[in-house]
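Biologist: I would like to learn how to read a few features of a protein model. Could we take them in turn?

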Amino acid sequence: MAVLSFSSEHEAGATIVHDGKVLAAVNEERFSRVKNQDGFPHRSIESVLKIAGLSAADIEHVIIPEISKLEDFFKNVILKYPTSLFMKGGSRFPGVPDAFKQMFMSSYIVSKAYLRVGLDHYMDYRRLKSLFPGARFHRVEHHLAHASAPYFTCEHDKALIISSDYWGDFACVMVSIAQGEKVKVVSRSFFPHSPGHYYASITKWMGFRANRHEGKIVGLAAYGDAESPAYDEIKDMFVCDGLKIIAPYMIGKMWHHKMPVFKNCMMKRLKEKYSREDLAAVFQRRFEEVFVELVRNCFNKYHIENLLLVGGSFANVKLNQRVFEVDGIKSIYVFPNMSDGGISAGAALNFDICDNGGSRNCLQDVYFGPAFSDREMEEALDEQHLTYTYERDIEKKIAKLLMDKKVVARFDGRMEFGPRALGNRSILYTAEDPTVNDWLNKKLKRTEFMPFAPVTLSDHAHECYQNLSGAEYTARFMTITFDCTDYMKKASPATVHVDGTARPQLISKEQNPGYFRILEEYFKLTGIPSIINTSFNMHEEPIVCSPRDAVRSFMQGHLDYLAMGRFLVNLNEQRKN
């Protein structure tokens, strides 16, 4: 019988697995329309049951991706926190004020979090028991659930896994070795030594929202000077120590940008002294250096050449490129829904394969969300009194529109699972126009520093990107950047960042036949194997889920065409009417 897992932290969601295969997976934000929605994911649970064609009675096992908060508090917080609080990993003592701030701020974070989640998780458990009265309940440790997601969906029988985020079950970084059907933990780094806090803090100090806008820092960093003197001021607060990551007194030094006490923290001084581009550059540089050293240390000790990455830290696509470049690493795979939004999938897979007789399956795609019928699409169009045509060969039509420099929003098939739009909920445009990042982002009410990402025919990928071998698989899911070839820079300049990199999606016919055919027809017309693929959503909203979401976003963005299934809407026709 099927296994269901859920998560209720930020990026709440649910997953159903049967015999090692993900049948359905979705995040709550797609229904609530609130980005990174937290709380009990009742709509996600309803949706995955519907998609999988199951009822609550068909679910035999429910998996919770964490240990109990009581166990966590006594096993981790009480035992680990006092010793980890002032670990300095060879760094010098920063002084009494920073030490006090470290103790005060980190203790405040811990106490606030555990007071909140203790009650929330108890209520979640009671809800689950009422929804699935006949199911048996099991727990999988947070980072073990993370680590299981890439391992049980990849082709390797042996791999090195690194999971890293803000924290989960009080651990912030975990290194593990996977072989056969076992994942063995070899190292954990505990709070407050948190890569997630490091990056969230710089995001807030630069004026953006933590847990939402970290990608803007990655883009902004390319415009700054990574050799700025600011680097020497920040490098000692984030270090690698063997197989652990240590952040000596980081929380005290970075403090909180809105707290009036101890305003004269390190970050306030840095912000007054350096540009935000330079600060983004040096923080990104240090982030990369520490993880590169961790990967190098792991490889030197275990000599495992297959690297799997998971956790919110590895939403950082430039970081993923850098660790892939470590000598000895031959292949890399980042789980497509790498943050806590994908932890339900990892927990379900871990239990199903390790304890329920399931078999490992290599992930071919992540179209795990709901699909909609022609009738549902027509109803959404008719509600807004839109005129449309039915196109039997809509893929060829879209390719022609793209050649004519029209912006096309595509809505078709099952929704993608994870933060990347991978063709079924995407906005498409030619990659020949280098000005598109300015004018299309304004239409979509976005403020981005990164160029739009390309989707490229797999057969032509090596013409477009350097050092691709060993990363082709993870590039299917748009989770890593590559240096672009001269050909790519000339043929598709709109997708190449100022540092010469791009974050591609490689597409084949087997993954998504309709989407692939658009690229194939476009290539026949232009000789160019890449187009722009950006997520179909408005600024600060999640990717669209339903036909109604698609219609509303299409009209708000004033895009040229909406291709919904086989229905094609021309914005100019609506204006005439």
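Biologist: Which residue in β7 stands opposite K158?

Modeller: This is a predicted model. In it, K158 faces Q179 of β7. The strands concerned are β6 (residues 158–168) and β7 (residues 171–179), which run antiparallel and are joined by 8 bridges.

Biologist: In what order do the strands of the open sheet come?

Modeller: Two strands count as paired if at least two bridges link them. Here 5 strands give the order β8-β7-β6-β11-β12, with mixed pairing. From one strand to the next, the twist averages 20°.

Biologist: Which strands does α6 touch where it packs on the sheet?

Modeller: α6 touches β6 and β7, and its direction makes about 55° with that of β6.

Biologist: Which two residues does a cis peptide bond join?

Modeller: That bond lies between F191 and P192, with omega about 15°. P192 belongs to the loop between β8 (182–190) and α6 (195–205).

Biologist: Is H303 buried or exposed?

Modeller: A residue is called exposed when its relative accessible area is over 50%. H303 has 58%, so it is exposed. H303 is not a glycine, yet its phi is positive, about 55°. Its place is the loop between α11 (276–302) and β11 (306–310).

Biologist: Where does N467 lie?

Modeller: N467 is in the loop between α17 (461–464) and α18 (472–475). N467 is exposed too, with a relative accessible area of 54%, and its phi is positive, near 55°.

Key: Residues are numbered from 1 along each chain as its sequence is written. This is a predicted model: local features need pLDDT of at least 70, side-chain atom pairs count only at pLDDT 80 or more; totals for chains, interfaces and linings use all residues. Side-chain values use heavy atoms; hydrogens and water are left out. Helices (H or I, at least four residues) and strands (E, at least two) are DSSP runs, numbered from the N terminus. Buried means under 20% relative accessible area, exposed over 50%, partly exposed in between (1.4 Å probe, protein chains only). Axes are lines fitted to C-alpha atoms, for helices over the stretch in contact, and angles run from 0 to 180 degrees between N-to-C directions. Contact means heavy atoms within 4.5 Å.
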